[in-house]
Amino acid sequence: MITKADLLKFSITKFTQCGSKQVTLDEIANTLGISKKTIYTFFNNKEELVTSSLDSLLNEYREDINSVVTENSNDPILCVVLIYEKGFEYLKYFKPSFIFGLKKYYPKAHTLFEEFIEKLSKKSYKLFKKAQESGHIKKDVNIELIVKIYFLRIDKLVFKENNLFEFYSKKELFKHLVTYNLKGIITPNYSNSYFE
């Protein structure tokens with residue numbers, strides 16, 4: 001018998017890879033070897049399944065982020081780098097059609113995603129601010145602007161058709177979008193192997 005957790009895990013994989021609108025409940029049921037009725041024992045409709053599966057994925061990412069921050073709390077810049085690194089691991093699974101489908105067809109799930117991104121940007125802001133206050137980020141850097149530019153850039157470069165994950169490796173993208181940009185704002189007295 002399939003569990004709710006198994007259903008969520010399978011569903012989010014299908015939705016993120018194929019687009020939430022394109023994947024049908026019949027397809028999910030057939031692939032898992034269950035009846036569509038079984039899906040309805042867990043969820044009232046497809047929107048609930050899309051929202052819950054996205055929530056499950058975002059909670060997994062949130063736990064990863066919290067773990068990273070806890071383990072490296074004495075180095076806020078490293079926390080930011082590791083959060084972005086974790087983010088890249090998750091982003092490579094998101095096809096643009098998934099994000100567009102959320103916005104157009106599943107408003108609850110889209111709101112959940114937008115709220116998550118907003119909280120993530122606030123967490124990044126606090127870490128950058130802490131690093132600036134400890135003298136590891138140049139004093140004249142506008143932290144709020146840095147965070148906004150970063151998230152805007154990721155949205156424009158990663159969540160579009162023909163996105164950069166289709167053309168470049170995750171490692172190369174990470175280096176250019178994160179590491180090189182952070183090198184420009186950190187002070188010479190900050191040292192970490194990510195920036196060598």
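Author: A helix axis here is a line fitted to C-alpha atoms over the stretch in contact, and angles between axes run from 0 to 180 degrees between N-to-C directions. With that in hand, let's look around this predicted model.

Reader: Thanks! At what angle do the axes of H6 and H7 cross, and what is H6 to H7: parallel, antiparallel, perpendicular or oblique?

Author: The axes of H6, residues 96-105, and H7 come within 6 Å and cross at roughly 120°. Angles of 65 to 115 degrees count as roughly perpendicular and those over 145 as roughly antiparallel, with oblique for the rest. That is why H6, relative to H7, is oblique.

Reader: Which residues of H7 make the contact with H6?

Author: Happy to list them, starting with the handedness: H6 passes H7 in a left-handed crossing. From H6, the contact uses Ile-99, Leu-102, Lys-103 and Tyr-105, and the partners from H7 are Pro-107, Ala-109, His-110 and Phe-113.

Reader: How many nonpolar residues does that contact have?

Author: Sorted by class, the contact of H6 with H7 has 1 charged and 1 polar residue. The nonpolar residues in it number 6.

Reader: How are H5 and H7 arranged, roughly parallel or roughly antiparallel?

Author: Their axes are 8 Å apart, and the helices pack at an angle of about 155°. The cut-off for roughly antiparallel is over 145 degrees. H5 and H7 are therefore roughly antiparallel.

Reader: What is the make-up of the contact of H5 with H7 by class?

Author: In H5, the residues Pro-76, Ile-77, Cys-79, Val-80, Ile-83 and Tyr-84 meet Leu-120, Lys-123, Ser-124, Leu-127, Phe-128, Lys-130 and Ala-131 in H7. By class, that contact has 10 nonpolar, 1 polar and 2 charged residues.

Reader: How far apart are the end C-alpha atoms of H7?

Author: Helix H7 covers residues 107-133, which is 27 residues. At 1.5 Å a residue it should span 39 Å, and the model agrees, because its end C-alpha atoms are apart by 39 Å.

Reader: Which residue just after H7 takes a positive phi?

Author: Look just beyond the end of H7 for a phi of about 85°. The residue with that positive phi is Gly-135.

Reader: Last one: how does Lys-95 count by relative accessibility?

Author: Lys-95 sits in the loop between H5 and H6. Leaving aside neighbours within four places in sequence, Lys-95 is in contact with Thr-16 and Gln-17. Buried means under 20% and exposed over 50%. Since its relative accessibility is 29%, Lys-95 counts as partly exposed.

How values were computed:
Residues are numbered from 1 along each chain as its sequence is written. This is a predicted model: local features need pLDDT of at least 70, side-chain atom pairs count only at pLDDT 80 or more; totals for chains, interfaces and linings use all residues. Side-chain values use heavy atoms; hydrogens and water are left out. Helices (H or I, at least four residues) and strands (E, at least two) are DSSP runs, numbered from the N terminus. The expected span of a helix is 1.5 Å times one less than its number of residues. Angles under 35 degrees count as roughly parallel, over 145 as roughly antiparallel, 65 to 115 as roughly perpendicular and the rest as oblique. A crossing is left-handed if the near helix is turned anticlockwise from the far one by less than a right angle, and right-handed if clockwise. Contact means heavy atoms within 4.5 Å. Ala, Val, Leu, Ile, Met, Phe, Trp, Tyr, Cys and Pro count as nonpolar, Asp, Glu, Lys and Arg as charged, and the others, Gly among them, as polar. Buried means under 20% relative accessible area, exposed over 50%, partly exposed in between (1.4 Å probe, protein chains only).
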